[in-house]
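Here is a quick tour for anyone meeting this structure for the first time. Have a look at it, and then we can walk through it piece by piece.

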Amino acid sequence: MTDDEKWRGVVAALSELLPGMVDTFIGKILQDPVYSESGLTIEDLRRSSHDSLVAILDVLRGGGTTMDSLESIAGELGKRRARQGLPLDSLVRAIRLDFSVVWDALSASALAVDPALLVSRTELVWRTVDTFASRVQARYVAELEDIERANADLQHQYLSQLLAPSEPSESDLARIAGALRVDVGARFLVAAVSREDSLTVQRRLRHRAKRLAAFFTFDQEHHTLVVHKRGGQGHAEHSDALSYDESVLFDGMAVAVAPLAEGLGSVRTSAAAAREVMRDLPMGSVGVFTLRDRWLSITRHRLSQLGCDPGQLVFPRLQDCAPQERARILEAATTFLGTGSLVETARRLFCHRNTVVNRLAAFERYTGLDLQKPTDLALAVLALHATTTDP
């Protein structure tokens, strides 16, 4: 009898021990908390173990010449476990157990396998199990990508409805919240980055998927919006200050952060604000920018677009004074607007307080804007923004 014939006889005898091998596998796998607490039924585990071992024995019987049955079982198992949410490393670890189960059965005294024959087939047994594991892993990853792609498409669909020009109804918001698995009344941080930084954000989200939960991204014109459902209590959850995870996500790039959205219905408004702040940033900006940082520049720019340039309330009217006097008046006004203090303004300009008062009075005489009045002061801030340092 040749070694191949002897080996086929051993595998046939091993097939008779299949129920006990399945029991051995179940006993070992349930020692792993991931499996024992996964919600997978014993029937599911038993059926998967039986089918896997049958496929492995089929390959061993043929000496590794055909793997059709193994490929089929591997594909079905990888797909099912991906949809059941079982971690990939736990799945591969379980498949590796098949080798020890098969090897222990082969080595058992009951089979009385010739040691030389067993040694000669060791590589075949290991290669078969390893091939099975790699096929299951490949199908698992492919299925996971399909799931993520489908989820991303569905997520994009609902975010499109949320951020559409027309405001969604309450029933629409409830449906969108259900699809995104968020509370319609939750708080959301809404930020915008350039499309050039979008790939970096996406990569960081994938790399830290478990930690960076409840993040959604949506491309809109030249920007990528990032919406993060805030959770828990505390000051950070009630402000637009970035949390640690959010800071990590946007590290090294320019990000515009809108005022915190109070409820899912406010995300549209916050998204518009974030994009407006992003559009206002100078080229090459890096860091976190909020409405508080950019409101002055945005307001001045918007008013100018409408033909309401606040600078027209100041500069044409100062043409009536001599250039040197005009420079001193503007210097006093802009310094005062930055400090809000006559004393500090005088200190910075190296002059007496009364000198500052006189120059501000001259500013009022020429422009009609009294910097002691809040409304006039606000107009002056907008008018002189172009002459001050950009925040």
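## Strand β4 and its two faces

Let's start inside, with β4. A254 and A256 point one way from this strand, V255 and V257 point the other way, and all of them are buried. In a regular strand the side chains alternate between the two faces of the sheet. Keep in mind as you look around that this is a predicted model.

Which strand runs parallel to β4? That is strand β6 (residues 287-290), joined to β4 by 4 bridges. Within this pairing, V255 has V288 of β6 as its bridge partner. β4, which covers residues 254-257, also pairs with β1, this time in the antiparallel sense and over 2 bridges. There, A256 of β4 is the bridge partner of A192.

How many of the 8 residues of β1 are buried? The count is 7, so this strand (residues 187-194) is largely enclosed by the rest of the structure.

## A closer look at F188

F188 is found in strand β1. Is F188 buried or exposed? It is buried, with a relative accessible area of 1%; the cut-off for buried is under 20%.

So what does F188 touch? Leaving out residues up to four places away in sequence, the list is V182, D183, V227, H228, K229, R230, L260, A261, G263, L264 and V267.

## Two loop residues with positive phi

R181 is found in the loop between α9 (170-180) and β1. Its phi is positive, about 60 degrees, although R181 is not a glycine. R181 is exposed, with a relative accessible area of 77%.

E221 belongs to the loop between β2 (215-220) and β3. This residue is not a glycine either, and the phi of E221 is positive, near 55 degrees. Is E221 buried or exposed? At a relative accessible area of 56%, E221 is exposed.

## Where two helices cross

On to the helices. Helix α1 (residues 3-16) packs against helix α6 (residues 88-107) at an angle of about 110 degrees, and their axes are 11 Å apart. That makes the two roughly perpendicular. From α1, the contact is made by W7, V10 and L14, while α6 brings in V102, A105 and L106. What kinds of residue are these? The contact of α1 with α6 has 6 nonpolar residues, no polar ones and no charged ones.

## A buried loop residue

L371 lies in the loop between α16 (353-367) and α17 (374-383). Despite its place in a loop, L371 counts as buried, at 5% relative accessibility.

Setting aside neighbours within four places in sequence, L371 is in contact with A333, F336, L337, L360, F363, L377 and A380. Of these, L360 and F363 fall within the range of α16 and L377 and A380 within that of α17. V343 is 28 residues from L371 in sequence, and the two are 15 Å apart in space, C-alpha to C-alpha.

## Stepping back

Finally, the whole chain. The protein chain has 17 helices and 6 strands. Its radius of gyration is 35 Å, well over the 21 Å that the globule rule gives for 391 residues, so the chain is more spread out than a compact globule. The C-alpha atoms fill a box of roughly 115 × 45 × 35 Å along the principal axes.

Of the 391 residues, 43% count as buried. And if you take contacts between residues at least 6 apart in sequence, 69% of them join residues at least 24 apart.

Notes
Residues are numbered from 1 along each chain as its sequence is written. This is a predicted model: local features need pLDDT of at least 70, side-chain atom pairs count only at pLDDT 80 or more; totals for chains, interfaces and linings use all residues. Side-chain values use heavy atoms; hydrogens and water are left out. Buried means under 20% relative accessible area, exposed over 50%, partly exposed in between (1.4 Å probe, protein chains only). Two strands pair if DSSP finds at least two bridges between them. Axes are lines fitted to C-alpha atoms, for helices over the stretch in contact, and angles run from 0 to 180 degrees between N-to-C directions. Angles under 35 degrees count as roughly parallel, over 145 as roughly antiparallel, 65 to 115 as roughly perpendicular and the rest as oblique. Contact means heavy atoms within 4.5 Å. Ala, Val, Leu, Ile, Met, Phe, Trp, Tyr, Cys and Pro count as nonpolar, Asp, Glu, Lys and Arg as charged, and the others, Gly among them, as polar. The radius of gyration is taken over C-alpha atoms; the globule rule is 2.2 Å times the number of residues to the power 0.38.
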